[in-house]
Amino acid sequence: MNSSNGHAARSRVLCPEKLSSDGLSLLRKTVDVDEKEGLTPEQLIAVIPEYEALLVRSETKVTAALLNAARKLKVVARAGVGVDNVDVPTATKLGVVVVNSPSGNIQAAAEHTIALLMSMARNVPEACASVKAGKWERSRLVGIEVKGKTLGIVGLGKVGLIVARMARGLGMNVVAADPYAAQSVAAAANVTLVESLSELLPRVDFLTIHTPMLASTRGMLSTAELDQMKRGARILNVARGGIVDEEALLIALESGQIAGAAIDVFTSEPPTKDPDSSAARLVQHPRCIATPHLGASTVEAQENVSMDVCEQVLQILVGDLPRSAVNAPIILPAEYKTLQPFVRLVEKMGSLYTQHFTSPRPPVQRNMNTFDLIYEGEIAQMSSTKPLFAALIKGLMAPISDAEGLNINMVNAEMVARERGISVNEQKSRDPSTQAYSSLVTLVARAPSRTPSVSRHGSEVLVSTAGQHREATIQHIISGYCSDNSPFISRLGRFATSFVPEGKLLICHNFDSPGKIGVVGSILGREGVNINFMSVAPATFSAVSPMDANGGASKDGLASSLETTEALMILGVDKEVGDNVKAELVGAKGVLSVSSVTL
Ligand SMILES: NC(=O)C1=CN([C@@H]2O[C@H](COP(=O)(O)OP(=O)(O)OC[C@H]3O[C@@H](n4cnc5c(N)ncnc54)[C@H](O)[C@@H]3O)[C@@H](O)[C@H]2O)C=CC1
Ligand SMILES: O=C(O)C(=O)COP(=O)(O)O
């Protein structure tokens, strides 16, 4: 994007929550950062269209309404672990990358858990309040030791494992329930992994939760589960409010089934002040220690997560892949670099296909479309070709969609392809079919075809129903390669060629006889159209199926009479060529069809 003074406009990043300045200073070197704390959801929706990136912690709710209101948003960066405050499916659909900091604050969250554990065991908050109130209640505030007690961990992931190691250091026995945890990882941390929550609950003196908030974990600990615990057990939640049902916990505290609770996170934050609500009564309960979602609130953790996500925002804004995308594939940076020129090539091939072969009624909007994307040579050795797949879908769709709104990328390409009925069969061959290129990419389209926009008679020719049936087997082929990081098209239909797929191109299909260049040149010259370059492509490949000279559907009965005497003339032009001029070109002797594409 360019500003009015011709300089590239700086990207804008919105930060509606308190983030450590370390990452923000890094961002400010190249982008504009607006720190705007305290915006209402409506105010956020009003300002979001101006921003390319949104930086949040747990307070900002990144809803579908907010994401849909965005116009330029490329990334939502969560400066922390949990992304339950971000509508990730909607972001994915819109092609917005969601990144987080998966390990920047895990030590802090684990240490806070241990702080709460010890505070609960020794009544620290109550004792402190008592002394400040001028009392000296030594016998009322007798605690318990944790050494020799059993700690149950639900969710033996990153935070859970650190808590486990610390608890082992405190002399506790540690038992964990996590259906996805590896036995070997648990064993290495001296943790006994049990099969189910039901097996865990009766064994523990303390229970701590470290799962994400998911549909499957919401309300995971309710009355039935709390009743399975030993009478007088204690419970901690530094994961997410609502994983332990607040009302059930309050009742269990009141009945003495649970002797103590330490809660850092609430279903609604801050919890409602309505004195009759379970949340407020839980907070006020004398045997409940409550902290205001402080798990990640250490200087160190905030520096870590801020740097982590701000670096990723910069990567995304310059078009690179972030290291911790929640909704995009992970690709090694070195591979991504190698793939980059091919990403451009494949996108151009897709766009060329749609414009040259399917104009004016692209089948990608109507029917199931099947493509083979064949990688040969070095490119076939890449472990992931996800960026190439995404580039193809983008290229196919861009000419027929709102270019501004159509943000197809690795995040949403598969979803878009599914919605549009596009099926891509990726094939790899390490031994190239030709030694001419170190890497060759070929797109084979198996799709119903439409004729080029201007026929020999200057009018659009649409195929008949019978014709469509026959043409369903016809293949269109485009091949390309990269040289010096620039993409080249080496085959278009049956024609061997070599041109850079860039800018406005006029593709004339004609008899390979003298005089054509002059005829086309003089008509374009008269119209004030400058020709930047020209490439003549003879028909080289034999037809794989009844293709016309464009490698497409036969039309006007001409294809059958045209064998090897055809050629494509590819002209780079400096302005749009009108339909009337194209019709005149087709009318000229020996010019069979003309299509114009912008790449
Ligand atoms: N209070 C705070 O400030 C903080 C809270 N958190 C919360 O802690 C959560 C965990 O963080 P990490 O350990 O980094 O995540 P993680 O993804 O490394 O670990 C989560 C573990 O939960 C397990 N799990 C998932 N469903 C389960 C189920 N139904 N039963 C048992 N285990 C299940 C997973 O297999 C995984 O091992 C985050 O999602 C976040 O919500 C994280 C950081 C700070
Ligand atoms: O990282 C997490 O999941 C947290 O819960 C931390 O939340 P916060 O960034 O402190 O609002």
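**Close-up 1. The shell around ligand 1.** Helix H7 (158-169) gives the largest share of the shell around ligand 1, namely 3 residues. Helices here are DSSP runs of H or I with at least four residues, strands are runs of E with at least two, and both are numbered from the N terminus. The elements that give two or more residues to this shell are helix H5 (106-121) and H7. Of the 32 residues around ligand 1, those that come nearest are Gly82, Gly155, Gly157, Pro212 and Gly295; a residue is near a molecule if its C-beta atom, placed from the backbone, lies within 6 Å of it. By class, the shell around ligand 1 holds 16 nonpolar, 12 polar and 4 charged residues. Ala, Val, Leu, Ile, Met, Phe, Trp, Tyr, Cys and Pro count as nonpolar, Asp, Glu, Lys and Arg as charged, and the others, Gly among them, as polar.

Please keep in mind that this is a predicted model, in which local features need pLDDT of at least 70 and side-chain atom pairs count only at pLDDT 80 or more, while totals for chains, interfaces and linings use all residues. Residues are numbered from 1 along each chain as its sequence is written, with chains lettered from A and ligands numbered from 1 in the order in which they are written.

**Close-up 2. The shell around ligand 2.** Around ligand 2 you will find Arg57, Ser58, Ala79, Gly80, Val81, Gly82, Asn105, His293, Gly295, Ala296 and Ser297. This shell has 7 polar, 3 nonpolar and 1 charged residues. His293 is found in the loop between strand S12 and helix H13 (299-317). The phi of His293 is near 50 degrees, a positive value in a residue other than glycine.

**Close-up 3. Strand S11 and its neighbours.** Strand S11 (residues 258-263) is mostly covered, with 5 of its 6 residues buried. Strand S10 (residues 233-237) pairs with S11 in the parallel sense over 5 bridges, where pairing takes at least two DSSP bridges. From S10 the chain crosses through helix H11 (residues 246-255) to S11 in a right-handed β-α-β crossover; right-handed means that, with the strands pointing away from the viewer, the path from the first strand over the helix to the second runs clockwise. Leu236 has Ala262 as its bridge partner in S11, and Ala262 also stands opposite Ile289 in S12. S11 and S12 (residues 288-290) pair in the parallel sense over 3 bridges. With helix H12 (residues 278-284), S11 and S12 make a right-handed β-α-β unit. Pro270 lies in the loop between S11 and H12, and the peptide bond from Glu269 to Pro270 is cis, with omega near -10 degrees.

**Close-up 4. The largest nonpolar core.** This core has 163 residues, and those with the most contacts inside it are Leu55, Val76, Ala176, Leu249, Val313 and Ile393. A nonpolar core is a set of buried Ala, Val, Leu, Ile, Met, Phe, Trp, Tyr and Cys residues joined through C-beta atoms within 7 Å. Leu249 touches Leu226, Ile235, Val244, Ile258, Ala261 and Leu282, leaving out residues up to four places away in sequence; contact means C-beta atoms, placed from the backbone, within 7 Å.

**Close-up 5. The loop at Asp484.** Asp484 lies in the loop between strand S16 (475-483) and strand S17 (486-492). Although not a glycine, Asp484 has a positive phi of about 50 degrees. Asp484 counts as exposed because it has 6 C-beta neighbours inside 10 Å.

Note on methods:
Buried ≥ 20, exposed ≤ 12 C-beta atoms within 10 Å, placed from the backbone. Contact = placed C-beta atoms within 7 Å.
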